[in-house]
Every structure is written in C-alpha cells, then in structure tokens.
Amino acid sequence: MRMHTSTDLGEFLRSRRAQLRPQDVGLNATDSRRRVPGLRREELALLAGVSVTYYTRLEQGQSVNASDGVLDAVARALRLDRDEHAHLRDLARPRKAANRGAAPKPDRVRPATRQLIAAMDRVPAVVLDRRNNVLAWNPLGHALLAGHLDRDSPDRPAERPNLTRLLFLDPHTRELYTHWESETRVALAALRLTVGRHPEDRQLAELVGHLAIHSPEFAALWARHPVRECTVGSKSFHHPLVGELDLAFESLTTSDGSGHRVLLYSAEPGSPSAAALGLLAGTLH
C-alpha cells in the first residue's frame with residue numbers, strides 16, 4: 001500500500017469541491033449543462049483568484065511549489081476548516097521519504113511514562129504511538145478497552161494491539177462502542193491527518209492497506225477523505241462486565257519528541273458511569 005502521492009491531493013481537492021454547491025458561494029446554478037452538484041474547476045479557480053490552468057495542475061499533482069498564498073486561497077475558496085487546511089498543506093508539500101535501510105526499531109515507552117500510568121489506578125490510561133499501536137496500558141485501561149486480549153501483549157512488539165485495527169476488525173470492540181459508526185468516522189479522519197503528516201511511514205501504509213482490504217466500512221470511509229483532529233471528547237461504551245459508561249477522554253502528547261500519546265478516560269464524579277468505572281476497577285483486585 002503506497003502512502004499519499006499527488007493522486008491523494010487531487011482526490012482531496014475533488015472531494016471538497018463536490019461538497020460545495022454553486023449557490024453556497026454566490027454563483028449562478030441555473031446552467032442546464034451542469035451534471036454534478038459540486039463546483040467546477042473553473043469556478044473554484046475563480047473563487048481562489050488563480051488561473052484555471054494553475055488550479056488544474058495543482059489538482060493533478062503537477063504543481064509541487066504552490067506558495068502559502070495559493071494554498072491559503074484555495075483553502076478559503078473550499079471553506080476548509082483548520083484541520084483540512086493543515087491537511088491540504090501536508091498533501092501539497094509531502095516530506096521526502098528517508099532512505100529505506102533496516103526496518104525501524106519498535107517504539108518503546110519511557111519508564112517514567114509507564115510509571116505514571118501505573119500510578120493512575122482509578123483512571124483508564126493507554127500509551128499509543130502515532131499509528132495507534134498500544135505501547136502500554138494500565139490495568140484499568142486494559143480492562144476498559146480490551147479485556148479479552150492478553151494484558152502483556154503491548155510488551156511484545158509483534159503482538160501489540162492497534163486501536164484502529166480493533167475498531168474496524170474486532171467483533172468484541174465493535175460491540176464495546178455504543179455508537180460504533182461514529183467512532184469509526186472519527187478514528188479514520190484522525191488517521192487521514194496522520195498519514196498526511198507522515199507519508200514516509202511504511203507501517204502506517206501497511207495499516208491502511210490491511211484495513212482497506214479487510215474492512216468494507218473502512219474502504220468506503222477512506223474514499224470520502226474525511227479529516228479531523230481528535231484529542232478531546234467523549235465516548236459511550238457498553239462494557240460486557242459493568243454495562244453503560246459515558247466517559248470523557250483526552251489525548252496528551254508526550255514532550256520527548258517521540259509522538260507518543262497518553263490517552264486518558266474519566267467519568268463525571270457521582271455519576272452512574274463513575275460508579276460503573278469504580279466497579280470495573282474493583283474487578284482487578
């Protein structure tokens with residue numbers, strides 16, 4: 001599975017053009033020859049203040065030196081949000097792939113990070129790399145997200161669980177999330193951002209390829225090119241041991257430059273979810 005190329009830039013731009021109707025941007029939509037509801041290339045070029053030829057070259061991946069001003073103008077014309085705008089820049093200016101020598105060494109959690117999450121005996125905590133591989137979890141994090149898996153599996157790089165893979169391919173995880181479909185949309189949109197930022201990451205490419213082959217839901221969503229950062233929010237679970245849980249989550253990036261994230265869950269004090277989370281913690285003793 002290849003990482004993104006000029007084709008991905010074109011797919012992204014076309015997907016966003018298709019979402020804008022002419023009347024949304026003050027253009028006449030009465031042309032009987034119009035076959036699609038989205039903007040035409042020449043209309044988008046007009047809104048962005050660039051020539052049709054230049055925009056066409058950009059959409060076809062033939063313009064590799066687009067200025068910040070041009071990309072910003074296209075983003076405004078397409079009404080991209082902050083995450084989409086950043087993604088456009090990533091696709092328009094991909095990093096050069098590093099020389100492919102020996103396979104990269106498996107990521108490892110810093111002892112201090114492992115010690116920190118172990119001290120959180122009432123907070124589910126998981127340490128992830130940028131590919132969403134589980135590098136470590138505390139007992140409550142394991143019990144919440146993947147109690148059916150071996151607790152020590154993150155310590156064996158070849159067997160590390162991947163939260164995105166579990167979400168799309170593992171039946172236990174599908175049943176765990178109350179709103180599974182919305183979870184898949186958010187997870188895939190976040191993965192799109194990561195792929196755009198790290199086109200050189202072969203393991204990311206392999207993950208995308210594996211999911212595209214084995215999950216029709218993933219393949220259909222991937223084709224829509226959703227993009228969204230997801231670092232805070234809430235999730236609803238239907239846990240097999242303690243029932244319904246509505247938890248807030250926050251993803252904190254470590255400061256060591258590794259790109260590792262600590263994913264933390266919490267329940268509102270005094271709520272039924274807090275009681276259920278306490279009950280789950282009680283099963284670990």
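Arginine 156 and glutamate 159 form a salt bridge, with their closest N and O atoms 2.8 Å apart. The model is a predicted one. Arginine 156 is partly exposed, at a relative accessible area of 30%. Glutamate 159 is partly exposed too, at 46%. Elsewhere, salt bridges with shared partners tie Asp129, Arg130, Arg131, Glu200 and Asp201 into one network.

A search of the whole structure returns 18 salt bridges. Another of them joins glutamate 59 to arginine 41, at 2.8 Å between the closest N and O atoms. This pair links distant parts of the chain: glutamate 59 sits in helix α3 (residues 52–59) and arginine 41 in helix α2, 18 residues apart. Are the two partners buried or partly exposed? Glutamate 59 counts as buried because its relative accessibility is 1%, under the 20% cut-off. Arginine 41 has 24% relative accessibility, so the residue counts as partly exposed.

| Salt bridge | N to O distance |
|---|---|
| Arginine 156 – glutamate 159 | 2.8 Å |
| Glutamate 59 – arginine 41 | 2.8 Å |
| Aspartate 8 – arginine 192 | 4.0 Å |

**Overall build**

The protein chain has 285 residues, and 46% of them count as buried. Its secondary structure comprises 13 helices and 5 strands. The C-alpha trace spans about 70 × 45 × 35 Å along its principal axes. Take the contacts between residues at least 6 apart in sequence: 57% of these join residues at least 24 apart.

**The domain interface**

How much area do domain 1 and domain 2 bury between them? The figure is about 780 Å², with 50% of it on carbon and sulfur atoms. On the domain 1 side, Asp83, His87 and Asp90 supply 56% of the area buried against domain 2, more than any other three residues. In terms of contacts, 10 residues of domain 1 meet 10 residues of domain 2.

The interface holds 1 salt bridge. The side chains of aspartate 8 and arginine 192 meet in a salt bridge at 4.0 Å, N to O. Between the two domains, 3 residue pairs are in polar contact. On the side of domain 1 that touches domain 2, α1 (6–18) and α5 (82–92) are the elements that give two or more residues. The residues of that side divide into 2 nonpolar, 2 polar and 6 charged.

The buried residues of α5 are Asp83, Glu84, His87, Leu88, Asp90, Leu91 and Ala92. An α-helix has 3.6 residues a turn, so residues three or four places apart point the same way. At the start of α5, a side-chain oxygen of aspartate 81 comes within 3.2 Å of the backbone nitrogen of aspartate 83.

Helix α2 covers residues 41–48. Which of its residues are buried? They are Glu43, Leu44, Ala45 and Ala48. Glycine 49 follows α2 and has a positive phi, near 75°.

How values were computed
Residues are numbered from 1 along each chain as its sequence is written. This is a predicted model: local features need pLDDT of at least 70, side-chain atom pairs count only at pLDDT 80 or more; totals for chains, interfaces and linings use all residues. Side-chain values use heavy atoms; hydrogens and water are left out. Contact means heavy atoms within 4.5 Å. Buried area is the accessible area (1.4 Å probe) that two parts lose on being put together, summed over both. A polar contact is a pair of N or O atoms within 3.5 Å; within protein, one must be able to donate a hydrogen and the other to accept it, and residues adjacent in sequence count only if both atoms are side-chain atoms. Helices (H or I, at least four residues) and strands (E, at least two) are DSSP runs, numbered from the N terminus. Ala, Val, Leu, Ile, Met, Phe, Trp, Tyr, Cys and Pro count as nonpolar, Asp, Glu, Lys and Arg as charged, and the others, Gly among them, as polar. Buried means under 20% relative accessible area, exposed over 50%, partly exposed in between (1.4 Å probe, protein chains only).
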